[in-house]
Every structure is written in C-alpha cells, then in structure tokens.
Amino acid sequence: MPLLIAGSIATDHLMSFPGRFSDSLVVDQLDKLSVSFLVEDLEVRRGGCAANICFGLGNLGLRPVLVGAVGEDFAEYRSWLQRHNVDCDSVHVSQTRHTARFVCTNDSSHAQIASFYAGAMSEAREIELQPIVDRVGEPDYVLIGPDDPEGMLRHTDECRQRGYKFVADPSQQLAFGDGKMIRPLIDGAEILFSNEYEADLITQKTGWSREDILSRVGTWVVTLGAAGVRIDREGEESITVEAVPEIEKVEPTGVGDAFRAGFLAALGWGLSLERAAQVGCLLAVYVVEQVGTQEYVLSRADFLERCTSTYGAEASADIDPHLKTLHP
Ligand SMILES: Nc1ncnc2c1ncn2[C@@H]1O[C@H](COP(=O)(O)OP(=O)(O)OP(=O)(O)O)[C@@H](O)[C@H]1O
Ligand SMILES: [Mg+2]
C-alpha cells in the first residue's frame with residue numbers, strides 16, 4: 001500500500017567567504033548597509049523534509065509518493081528523485097514562484113548570514129489529497145511533515161475527514177506554531193514523531209501532558225540523537241533502541257528524516273516497532289557519515305552487516321527478505 005509523504009521540498013545554497021564579515025561592516029553606517037562578499041565556493045544541496053524522507057524510502061526499495069509544492073525550477077531535482085524510486089507525479093508546480101530555497105553564507109569565523117525563501121511552498125495549501133489517493137490507491141499512511149502551516153492543517157483535517165491514517169511530524173514548525181495550531185496537527189495521529197527537545201515543545205505549547213498526548217496518538221516515537229530512540233504507547237512499557245555506532249561523524253543534518261524513512265519502511269514490511277526503530281537508526285547513521293541529506297549510497301550487504309553487528313543476527317534475518325536497495 002502506498003505511503004504519501006507531504007512536506008517541504010527545498011534546496012540549500014551554501015557559500016563560504018574566506019574573510020570575516022565583521023571586517024566589512026562599518027558600525028555607524030549600518031543604516032546604509034550595502035555589502036557584497038566574494039565567496040569561494042557554492043554548494044547546492046537537495047533537501048526539504050518530504051524529499052529527504054522519500055529519498056530514504058526509495059533507497060530501501062519502496063515507491064513513496066511525494067506531496068508538496070515546487071516551482072518550474074524543480075525539473076532537475078525531480079529527475080534525481082525519480083531515479084531514486086520516488087513518485088513525483090502529484091507534486092504541485094507553481095506558475096509564479098520558485099522552489100523553496102535556503103541561501104546561506106558562512107565566513108571564516110563561522111558567522112553566518114542566511115535567508116529562507118518559502119516560495120512555492122506556500123502553495124501546499126492548494127493541494128488536496130483525495131485526487132492523489134484516487135491515482136495511487138488508499139494509503140497505508142499519510143505523513144505530514146514541516147511545510148506551509150496552512151497546508152499542514154489542511155492535510156491533517158482531510159486525513160481525519162476521509163479516514164486516512166496519518167503520521168504527525170511537525171518538527172521545525174513547532175518553534176513557530178502556538179498551541180492552537182499544534183493541537184490539531186497531532187490529535188488523532190497514528191504515529192507522532194519528534195526529537196526530545198520537540199517533545200518538550202509539544203507538551204509545553206499544547207498544554208497536554210505526556211499521558212494526554214499518548215491518549216490522542218497511537219504511538220509516539222521520540223528520537224534521542226546519538227542515544228537512539230524511545231517509543232511510547234498508552235498503557236505499555238516504553239521500547240528503547242540504541243543508535244548504530246557511526247564510523248565517522250561528518251554532519252548530522254537530515255538524520256531525523258532518514259530515521260523516519262527507515263521506520264516507516266519497516267512498518268510497511270509488517271515488522272515490529274522495535275525492528276522499525278532499528279531500521280530507522282540504521283538508515284540515519286548513513287546520513288551522519290555524509291555531508292548532505294541525500295548523498296549516501298546504500299548497499300544491501302553493508303546495511304545487513306551493520307544490522308547484524310549492532311542488533312544481532314535475528315534482526316538481520318527479519319529485515320533481509322524485505323530489503324531491496326538500489327545497489328547490491
Ligand atoms: N551521532 C549519531 N550516531 C549515530 N546515529 C545517530 C547520531 N545522531 C543521530 N542518530 C540517529 O538519528 C536518529 C534521529 O536523530 P535526532 O534525534 O538527532 O533527530 P533530529 O533532532 O530530528 O535531527 P534533524 O532534525 O537534525 O534531522 C536517532 O534516533 C539515531 O538513530
Ligand atoms: Mg528533526
């Protein structure tokens with residue numbers, strides 16, 4: 001059964017300036033500020049939470065359906081995702097705006113000047129899920145990740161109305177939203193994903209206790225960074241799963257998204273919550289070891305080997321029959 005993954009689709013444009021910004025700023029002239037920095041390199045990275053999660057699912061042999069809004073400039077990114085098994089046929093293309101873009105320049109002292117252009121993302125509110133479901137079939141889950149807030153609310157409402165099981169993954173948007181916005185995003189979710197910090201934000205902003213939340217969602221998955229993950233369900237003991245030891249810690253951006261992809265893939269294979277968390281942690285560690293969120297190359301043999309060495313032969317034996325990576 002299909003997985004619909006709704007959320008942001010974006011690119012990051014990262015530049016580095018070899019000097020220091022502060023040397024070019026004249027403090028008493030800041031009201032006439034106009035500066036230009038000659039930067040050394042430009043790195044364009046593919047990102048956006050929904051696109052990252054779809055990339056992970058595609059790498060594990062699934063065919064996720066990407067739901068989000070982009071601009072005409074999406075063509076190259078679309079073919080990259082399609083080559084990684086992602087169904088992009090329901091992506092909404094804006095007539096007027098560019099794909100969301102994060103533009104950031106760092107200097108030699110790690111000072112940063114950055115801007116985020118939401119662009120086409122604000123048209124996510126125009127997307128209706130039903131025509132997508134008519135095309136691909138009743139979904140296993142609809143994941144609603146960080147996106148245009150109006151769009152997130154609309155998708156969640158539509159899931160509740162039409163009875164689609166949904167996964168709440170509001171992450172970054174928790175910082176901006178208030179309780180009134182956050183409560184409807186998680187109420188009735190089959191699965192709620194957050195990290196530990198976001199878990200506190202959720203209880204603080206909604207005014208709901210941990211128990212209240214567990215009575216409103218089926219399963220709450222809380223990722224704990226290098227300490228792994230904890231899974232909570234109402235009236236049951238927590239399940240904890242340790243992370244996979246990294247070979248080299250390069251850059252953690254995107255680990256949360258990869259974890260979600262692995263977790264949902266394993267649930268789709270009919271595996272237990274514990275196995276799902278293990279597959280999530282396994283995929284996440286590949287992202288820790290790379291610069292960028294969609295740069296890892298997954299090999300089946302390596303994945304199973306790391307599974308055996310961290311979680312044991314039985315875990316590998318359960319995962320092995322389902323795993324169809326893009327590379328041997
Ligand atoms: N240093 C690490 N080594 C191994 N695995 C890690 C490490 N950091 C994170 N992970 C894996 O990634 C999962 C998600 O990590 P984390 O809780 O940091 O997500 P996050 O805060 O949502 O991250 P982000 O939003 O930056 O993607 C963890 O449950 C763990 O399996
Ligand atoms: Mg996160």
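Ligand 1 is surrounded by 17 residues, counted as near when one of their heavy atoms lies within 4 Å of the molecule. This is a predicted model, in which local features need pLDDT of at least 70 and side-chain atom pairs count only at pLDDT 80 or more, while totals for chains, interfaces and linings use all residues. Residues are numbered from 1 along each chain as its sequence is written, chains are lettered from A and ligands numbered from 1 in the order in which they are written, and side-chain values use heavy atoms, without hydrogens and water.

**Around the ligand**
- A polar side-chain atom of N195 lies 2.8 Å from an oxygen atom of ligand 1; a polar contact here is a pair of N or O atoms within 3.5 Å.
- E246 has a side-chain N or O atom 2.7 Å from a nitrogen atom of ligand 1.
- G256 takes part through its backbone, with an N or O atom 2.8 Å from an oxygen atom of ligand 1.

**The sheet**
- Eight strands form an open sheet with mixed pairing, in the order β4-β1-β9-β10-β11-β12-β13-β14; strands are DSSP runs of E with at least two residues, helices are runs of H or I with at least four, and both are numbered from the N terminus.
- Its edge strands, β4 (65–67) and β14 (239–241), each pair on one side only, where pairing requires at least two DSSP bridges between two strands.
- β1 pairs in the parallel sense with β9 over four bridges, and three bridges join β1 to β4, also in parallel.
- L4 has V142 as its bridge partner in β9 and V65 as its bridge partner in β4.
- In β1, L3 and I5 point one way and L4 and A6 the other, and all are buried, meaning under 20% relative accessible area with a 1.4 Å probe, protein chains only.
- Strands β11 (residues 191–195) and β12 (residues 219–223) run parallel over five bridges, with I191 opposite T219.

How values were computed. Polar contact = N/O pair within 3.5 Å; in protein donor to acceptor, adjacent residues only side chain to side chain. Buried < 20%, exposed > 50% of the residue type's maximum accessible area, 1.4 Å probe, protein only.
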